[in-house]
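Subject: Handover of a structure

Dear colleague,

Please find below the structure that I am handing over to you. My notes on what was found in it follow directly after.

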Amino acid sequence: MNADNRKGELAELKGQLRQLAGSRAPGVEDLKRELYKKVISYLTVGIDVSSLFSEMVMCSATSDLVLKKMCYLYVGNYARGYPELALLTINFLQKDCQDDDPMIRGLALRSLCSLRVKNLVEYLVGPLQRGLKDSNGYVRSVAAIGVLKLYHIAPSSCTDNDFPVTLKALLLHDSDPQVVANCLCSLLEILSIEGNVSEAALREKESLLHRNVILSLLNRFKEFSEWAQCLVLEVVSKYVPEDAQETHDMMDVLDDRLQHANSAVVLATIKVFLHLTMSMADVHQKVYERIKAPLLTLVSSGSAEQSYAVLSHLHLLVMRAPMLFASDYKHFYCRYSDPSYVKKLKLEMLTAVANESNTYEIVTELSEYAANVDVAIARESIRAVGKIALQQYDVNAIVDRLLQFLEMEKDYVTAETLVLVKDLLRKYPQWSHDCIAVVGNVSSKSVTEPKAKAALVWMLGEYAYDMSDAPYVLEGFVQSWAEEDFAEVRLELLTAVAKCFFKRPPETVQILGAALSFGFADANQDVHDRALLYYRLLQHSVEVAERVINPPKQAVSVFAGDQSSEIKDRIFDEFNSLAVVYRQPSYMFLDKDQRSPFAFSEDTGSSIIGPQSPGREDLPSDIDARDNDLLLSAHEKEDSRAVSNGSHGYSSSKFHTLQEFTDSAFAPRSPSPTQPIRNARATPLPPAAVSSTAASPLLAVDDLLGLGPSASAEPFPPLKLNPKPVLDPASFKRKWGQLTVALTLEYTFPAQAMVGLTGPQPLVRHMQTNSVQCMASGNAPLKFFFFAQLADAPANTGFFLVELVVTTSSGLASAKIKADDSSLAPAFADSLQSALSKFGSL
Amino acid sequence: MDGVNYLHVKVGGLLFVATTRVNLSPALVLELLQRIARVTKDYLGILNEDSLRKNFVLVYELLDEMIDFGYPQTTSTEALKSFVFNEPVVIDAARLPSLGPAALFIQGSKRVPGTSVTKSVVANEPGGRKREEVFVDIIEKISVTFNAAGYILTSEIDGTIQMKSYLSGNPEIRVALNEDLSIGRNEYGGGFGGGVGMVILDDCNFHESVRLDDFETDHYLTLVPPDGEFPVMNYRMTQEFKPPFKVFPVIEEAGPFKAEIVLKVRADFPATVTANTVVLRVPLPKTTSRVSFEMEPGAVGQSTDFKEANKTIEWSCRKIVGGSEHTLRAKLTLTQERNANIKKEAGPISMSFTIPMFNASRLAVRYLQVVKKSKSYNPYRWVRYVTHSNSYVIRT
């Protein structure tokens, strides 16, 4: 449809509407209906029909309900953009609010509240007040939501007219369950927003959790619609019952909800159960038993999307209590028809529930998946087998299976398996003979993936004694050095050749020489440095080199977990929410300013309006150094990841902190540190020490050991902070993501300070007077994101970011500090601590 | 994305999407979307792009009543009736090729709930007299995994009793289930002690409107059905049952570049029942270049296809009568010398089918009683059974 054509049609519609407006002829309503329908379908497909506004309103003087509804829809759509036109409609909407038909009253009230035009608020209050007292439940429930709409347009006129109080009264006494439900959600939303600014509202919100409210809600629970039930359950889950008896009573009332067909109701009920029984270990466990079957049923009924949502929750529970689900492992077998995201979850659960009694069957099943057409799933299942092997003591059968995988001669299967065999050997060196025999048969040419190659190379180096042709295979690799695209493999190769050299010197010495000279010429900094390091170590003393590069190893008993238990607990607290599906606590995926329970600090609000976007080119030159620093530390990360095959057990954050100390200790930076962490792990030297001291190791080590502690103990000159720093939330988020924790700090508030700390606001204000701004804060637990900036730092640099969590019961505050320039972090920590100590003493 | 979370469900080729900025329950949103889709379908009769396009106004009206300011309000078709006034523009089902019975079956096997087995009368027949009808469908999706030796590794039945009621005045309905039904395996010592003839469900859940007062003793569900389509009961069962099909694959080597696969399918259900749209899929070794098929003589309604892209053969039979046996011979030509274990490279075989008027669990509706208001009131009552394959895998 071209523009002219459309204009013509609109004009025609306009004319027709005008004609009909005054007409009273029979059948005119039908004609109007047709026209209205046309207008609305235009509106839906995105054509601007706002030019018809006045005609539409003129025609709306009708008693026909269908017409009215269409008209309301139209008005609701355009009112916001055309406030002056919206005024035209107020009159008839207000009149309709007093119609005899409750349906029309409700409709009109809803449309009135949906206009979203600020200057019409005055016309809203009256009808709303009447609506809340209406004799008809439909109108009251519309009005209850209307109050919330009003609050979003004009918060003050909502609270000034005591609407929350009215809502609360209705909440307890109204006869219509839908009204009660709507009151509840309006109140919750209003009070939680209001609660961030006013203490009274916060207390008001807590009073919603009072026993009377909860009991009155529960008593009429069955009357609510399923959606309202979800809402009520969500509220109930925050309630703490007075005694065990009450808990049991509540659970009795809610027990049959577990049989509900609506997964939302079931999950909400489960949340209540889990939270209620948190402190009663034995009942808590029974709850798990109780909810198992309903959850499994939900997973298999419903659409794929729904079952995924439920499965994610099941996954969370399985991860928390794998033993309880051990006998249900068959339910987690993948089905042919499952989408791959479901299969992936199931594989993880299978891994988790594996125990001594079911391992054999699970691994048999998983082995079947390894031949799966879906390569991603096949890989996952091999990894799952490996993980199970790492968990169990009886790995005999599993190792056999893994070795069978190697015989399948599928590239990706071989690749995944090699990585796993390597991990297994690190944990169970006693299996080396069996494994090595098979691994030795793997043709090095069939392995193409870098990870697998690195694993193979590692094994060649590590078990050079057992594999007769190890040096020659390595030689092959070294000769094709130039074709090896991945630094990860080349690094591993250097180390392996060196290790091989210590074990079988005569056969390897030439290869080592070749590898080192390739290494020197390598374009990759890390490879180059590692070659150099080895060379100098060897030059210094072969024994020392061996001690560094090839120390006797202990079997790794625990591999670093992928998620901290703190995060898992947090997700568990947010059971039945998106957090579970994303497997992230909500603060990680929600917009800071949109998070409902978290307030955006008003005072920084003004500074956010102009988010500056510094172009890369106009960064002052002194930043480059820092940028470099950042880049380098990114390098180190990469490095530690590259070798991390061998060093999962090693805490990389510790490494970084140490690294930062050396940075400040040695003014001219030595070339990027590339020491093999894996090997250094077992040596007594602190890893960072080796790294930056290629020139004269021993001296520097002494130096550092002397310097390290004293550096941190030194008092820092007080930092000058910018009193009005500017940082928009997005940059904050980005920085927070990029930087590593430079320092952590613990501080205990004295009791008198805690008295003043009932909400986040007092501390936010206090910190502001100390040039530390709040980005976001939250209640329960008290949590803050602060930031500060160096006084003379150019835009977007010199920032310090702080996450502060305060435990209200003990007054213990723990802070994580991240900084653009981490060398200044200790100094900042000092000023932060002194600022905190002043709190409450004012 | 930008702090906004997008959730969607796919129903009948349409996406229903919701957005949110808060951390709410995903199950709630998805259930709600699913419900919206179902209510819309109840109103429009058919849910597709065309019917939505023609009924914008009605859909707006429905959405308006179902959700207010992001909070769900009423979502029962029946309650909405009093608020919704637009009449649906009915799309003629016959004109739409995609909605033939076969398509519906396919939808069903994609686990779309709310797909009744066959198309029935549209909710609000404009002008016309309403027919007093109630449909009860027992839909089962079965998952079976056979191991290479032909034994059942795992089996599970996920069933739903769906009801679609067009009864005026919302009378009470009684649905009586098997006498020998029991729920929960533990009561009977792992589920096998309860006698061979028992139908034992592992677990089930019920719709809101169902009253279970007499369920424990007499095994019937009493309910006042809301209008439209809804699941009365979902159940899950892992009790052993006789799988409807047995497949005997034989993979033979016939020279260095050749292999032969023989598939034999036996229908293990009564001859009165016929399975529809049976499809077997066999993944072949990656090196397969050509396949020639040999069907049994006199095969009707069968077709075979070799999908070059993912190296799979598809053997579809329009109909398989209970008790019959069918065989397919496929000769493969390989580009490379085959590996020692060709069996590992071919398979697992998956199978999909639909068997109307058959249910593997033997759960049955003994009778369906509409509590009568008057003598002359005798609505049509339909009870239908159907079994879909969910995941029917035969390992080689």
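A:Leu88 belongs to helix H5 of chain A, the helix formed by residues 83-96. Please keep in mind throughout that this is a predicted model. With a relative accessible area of 44%, A:Leu88 is partly exposed, because that class covers values between 20% and 50%. A residue 31 positions away along the chain, A:Val57, has its C-alpha atom 7.5 Å from that of A:Leu88.

A:Lys238 is located in the loop that links helix H14 (226-236) to helix H15 (244-254) of chain A. The relative accessibility of A:Lys238 is 53%, so this residue counts as exposed, the limit for that class being over 50%. Between the C-alpha atoms of A:Lys238 and A:Glu206 there are 9.8 Å, while 32 residues separate the two along the chain.

I turn next to a pair of helices in chain A. Helix H10 (residues 163-173) and helix H11 (residues 177-194) of chain A have axes that come within 8 Å and cross at roughly 140 degrees. The two helices H10(A) and H11(A) are therefore oblique to each other, since only angles over 145 degrees count as roughly antiparallel. The crossing in which H10(A) passes H11(A) is left-handed. On the side of H10(A), the contact involves A:Pro164, A:Leu167, A:Lys168, A:Leu170 and A:Leu171. H11(A) contributes A:Val179, A:Val180, A:Cys183, A:Leu184, A:Ser186 and A:Leu187 to this contact.

Helix H1 (residues 26-44) and helix H3 (residues 56-66) of chain B have axes 11 Å apart and pack at an angle of about 135 degrees. H1(B) and H3(B) are therefore oblique to each other, and their crossing is right-handed. From H1(B), the residues B:Ile36, B:Val39, B:Thr40, B:Tyr43 and B:Leu44 meet B:Leu58, B:Val59, B:Leu62, B:Leu63 and B:Met66 of H3(B).

Chain A contains 42 helices and six strands, and 55% of its 842 residues are buried. Of the contacts in chain A between residues at least 6 apart in sequence, 66% connect residues at least 24 apart.

For chain B, the secondary structure consists of seven helices and 23 strands. Buried residues account for 55% of the 396 residues in chain B. Among contacts in chain B with a separation of 6 or more, 71% are between residues 24 or more positions apart. Chain B exposes about 17100 Å², and 54% of that area comes from carbon and sulfur atoms.

Finally, a word on confidence. What is the average pLDDT of chain A? The average is 71, and 77% of the residues in chain A score at least 70. Where pLDDT is low, the predicted coordinates should not be read in detail.

With kind regards

Conventions. Residues numbered from 1 in each chain as written. Chains lettered and ligands numbered in written order. Predicted model: local features only at pLDDT ≥ 70, side-chain atom pairs only at ≥ 80, totals over all residues. Heavy atoms only, no water. Helix = DSSP H or I, 4+ residues; strand = E, 2+ residues; numbered from the N terminus. Buried < 20%, exposed > 50% of the residue type's maximum accessible area, 1.4 Å probe, protein only. Contact = heavy atoms within 4.5 Å. pLDDT = per-residue confidence, 0-100. Axes fitted to C-alpha atoms, helices over the stretch in contact; angles between N-to-C directions. Parallel < 35°, antiparallel > 145°, perpendicular 65-115°, else oblique. Left-handed = near helix turned anticlockwise from the far one by under 90°. Areas by Shrake-Rupley, 256 points an atom, 1.4 Å probe, with all protein chains shown as cover.
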